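Student: Hi! I have a new structure open and could use a guide. Can we talk it through together?

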Amino acid sequence: MKYRKKPVVIDAWRIDYDAERPDWVQAAFVADEIDWDYGGDCLWIDTPEGTVMGGMGDMLIRGVKGELYPCRADIFLLSYEAVVEGGAA
């Protein structure tokens, strides 16, 4: 059988030490759900599957249940498109 992803809207942020952080990312830092590696070279992310690393330039995604996980930038671009109020960008 073949399957297609259901169209859902997620929050995402490009992992960058110097980038402005949306409120949900800042809240994840405060809650110790994510933290920079020593030296700020990568981000450690608590996911439902355990703690995983997100590299610089990867995307941090907040899923439909609020779960966090990283996604490589190239895979993200193939899987997601930006949305604006009322539909796709």
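Student: Where is the place of D58?
Tutor: D58 sits in the loop between β4 (50–55) and β5. Strands here are DSSP runs of E with at least two residues, and helices are runs of H or I with at least four, numbered from the N terminus. A word on the source: this is a predicted model, in which local features need pLDDT of at least 70 and side-chain atom pairs count only at pLDDT 80 or more, while totals for chains, interfaces and linings use all residues. Residues are numbered from 1 along each chain as its sequence is written, and side-chain values use heavy atoms, with hydrogens and water left out.

Student: Which side chain of opposite charge is nearest to D58?
Tutor: That is R72, 6.1 Å away. D58 is buried and has no salt bridge. Buried means under 20% relative accessible area, exposed over 50%, and partly exposed in between (1.4 Å probe, protein chains only). A salt bridge needs a side-chain nitrogen of Lys or Arg within 4 Å of a carboxyl oxygen of Asp or Glu. For charge, Lys and Arg count as positive and Asp and Glu as negative, with His and the chain ends not counted.

Student: Which backbone nitrogen lies 2.9 Å from a polar atom of the D58 side chain?
Tutor: The one of G55.

Student: And what does D58 touch?
Tutor: Leaving out residues up to four places away in sequence, D58 touches W13, R14, I15, C71, R72 and A73. Contact means heavy atoms within 4.5 Å.

Student: What about G57, buried or exposed?
Tutor: G57 is buried, with a relative accessible area of 13%. G57 also lies in the loop between β4 and β5. With residues up to four places away in sequence set aside, G57 touches R14, I15 and A73.

Student: How far apart are G57 and D74?
Tutor: They are 17 residues apart in sequence, and 9.8 Å apart in space from C-alpha to C-alpha.

Student: New topic: how many salt bridges does the count come to?
Tutor: Two. One of them joins the side chains of D11 and R62, at 2.3 Å from N to O. That pair links distant parts of the chain, with D11 in strand β1 (residues 11–14) and R62 in strand β5 (residues 59–62), 51 residues apart. D11 is partly exposed at 30% relative accessible area, and R62 is partly exposed at 29%.

Student: Which side chain does R72 meet in a salt bridge?
Tutor: R72 meets D74, at 2.7 Å from N to O. R72 is partly exposed at 49%, and D74 is partly exposed at 40%.

Student: What order do the strands have in the open sheet of three?
Tutor: The order is β1-β5-β6, with antiparallel pairing. β1 and β6 (68–71) are the edge strands, each pairing on one side only. Two strands pair if DSSP finds at least two bridges between them.

Student: How many bridges join β5 and β6?
Tutor: Four, in the antiparallel sense. For instance, M59 has C71 in β6 as its bridge partner.

Student: Zooming out, how many helices and strands does the protein have?
Tutor: There are two helices and eight strands. From the N terminus on, the elements run β-α-β-β-β-β-β-α-β-β. Buried residues make up 28% of the 89 residues.

Student: And what does the C-alpha trace span?
Tutor: Along its principal axes, the trace spans about 40 × 30 × 25 Å.

How values were computed
A polar contact is a pair of N or O atoms within 3.5 Å; within protein, one must be able to donate a hydrogen and the other to accept it, and residues adjacent in sequence count only if both atoms are side-chain atoms.
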